[in-house]
Amino acid sequence: MPPAPRLAGPLTEAASAIELLIAQGQTREAVDAARDFMRAVTDLSGFGVTNAQLIASPATGFGIFEPRASNVYRIGDPVYAYVEVYGFSLTPQPSGVNQMRFDVAFTLDSPDGRQMTPELIPMGDIQLESYREPVDGYFHLTYRVTGAVGAFTLRTSVTDRESGQRAEFTLPVVFEDAPSGLAPSVEK
């Protein structure tokens, strides 16, 4: 069997440096170096979306949400989604914060893949600010869909406004007059 290829490069060297910091008991420095490492990874990978999922109500923090038990909705009920983003641009502001801005749009696709709207429907822009240089972020979305009955795929486009990079995610949804097995929903 041939020997395993040797990994070399800036990421490998950075990972080794982090391990050395940990071995030396320099945990705070190791954590800071790990954040720099993750920024290098997301710089190389580009903008993207991860952990997109249906949730029961708006998220209250990073990873702080209640997953929705079902993807079946009554017609007119709001659809909430949780989304994490990485590889985004940071725009320093005079106030000292780093700003992240995203444009979001969606459509419904039929089970056979046909787009059900003439174009993506703009949901507006999302603006996040941080005094740090985060490697990832989150937001929740509220979709209001009318006139759709049956099974669809909710397809959402998120664009990093500064770089113009775009990522998409899909979520399966079903809209029914009276979903079976679900208690009536009450908006809080």
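# Helix pair, open sheet and selected residues

Trainee: In which strand is Glu-176 found?
Mentor: This is a predicted model, in which local features need pLDDT of at least 70, side-chain atom pairs count only at pLDDT 80 or more, and totals for chains, interfaces and linings use all residues. Residues are numbered from 1 along each chain as its sequence is written, and side-chain values use heavy atoms, with hydrogens and water left out. Helices (H or I, at least four residues) and strands (E, at least two) are DSSP runs numbered from the N terminus. The run that holds Glu-176 covers residues 166–176 and is strand S9.

Trainee: Is Glu-176 buried, partly exposed or exposed?
Mentor: Buried means under 20% relative accessible area and exposed over 50%, with partly exposed in between (1.4 Å probe, protein chains only). Since the relative accessibility of Glu-176 is 28%, this residue counts as partly exposed.

Trainee: Which residues is Glu-176 in contact with, leaving aside its neighbours within four places in sequence?
Mentor: Contact means heavy atoms within 4.5 Å. With its neighbours within four places set aside, the contacts of Glu-176 are Val-72, Tyr-73, Arg-74 and Ile-75.

Trainee: How many helices and strands does the secondary structure of the protein come to?
Mentor: From the N terminus on, the elements run α-α-β-β-β-β-β-β-β-β-β. The secondary structure therefore comes to two helices and nine strands.

Trainee: Are H1 and H2 roughly parallel or roughly antiparallel to each other?
Mentor: The axes of helix H1 (residues 10–23) and helix H2 (residues 27–45) come within 9 Å and cross at roughly 165 degrees; axes are lines fitted to C-alpha atoms, for helices over the stretch in contact, and angles run from 0 to 180 degrees between N-to-C directions. Angles under 35 degrees count as roughly parallel, over 145 as roughly antiparallel, 65 to 115 as roughly perpendicular and the rest as oblique. H1 and H2 are therefore roughly antiparallel.

Trainee: Which strands are the edge strands of the open sheet of three strands?
Mentor: This open sheet has the order S1-S3-S7 with antiparallel pairing, where two strands pair if DSSP finds at least two bridges between them. Direction ignored, its neighbouring strands are turned by 20 degrees against each other on average. Pairing on one side only marks the edge strands, which are strand S1 (48–55) and strand S7 (136–143).

Trainee: How many bridges join S3 to S7?
Mentor: S1 and strand S3 (residues 79–86) pair in the antiparallel sense over six bridges, with Val-85 of S3 as the bridge partner of Val-49. Towards S7, Val-79 has Tyr-143 as its bridge partner. S3 and S7 also run antiparallel, and the bridges that join them number eight.

Trainee: How many of the eight residues of S3 are buried?
Mentor: In the protein, buried residues make up 35% of the 188 residues. S3 is mostly covered, its count of buried residues being seven.

Trainee: What phi does Asn-51 have?
Mentor: Most residues other than glycine have a negative phi. Asn-51 lies in strand S1 and is partly exposed, with a relative accessible area of 32%. Although Asn-51 is not a glycine, its phi is positive, at about 55 degrees.

Trainee: Is Thr-159 buried or exposed?
Mentor: Thr-159 lies in strand S8 (residues 150–160), and, leaving aside its neighbours within four places in sequence, Thr-159 is in contact with residues including Phe-47, Arg-101 and Gln-165. With a relative accessible area of 19%, Thr-159 is buried.
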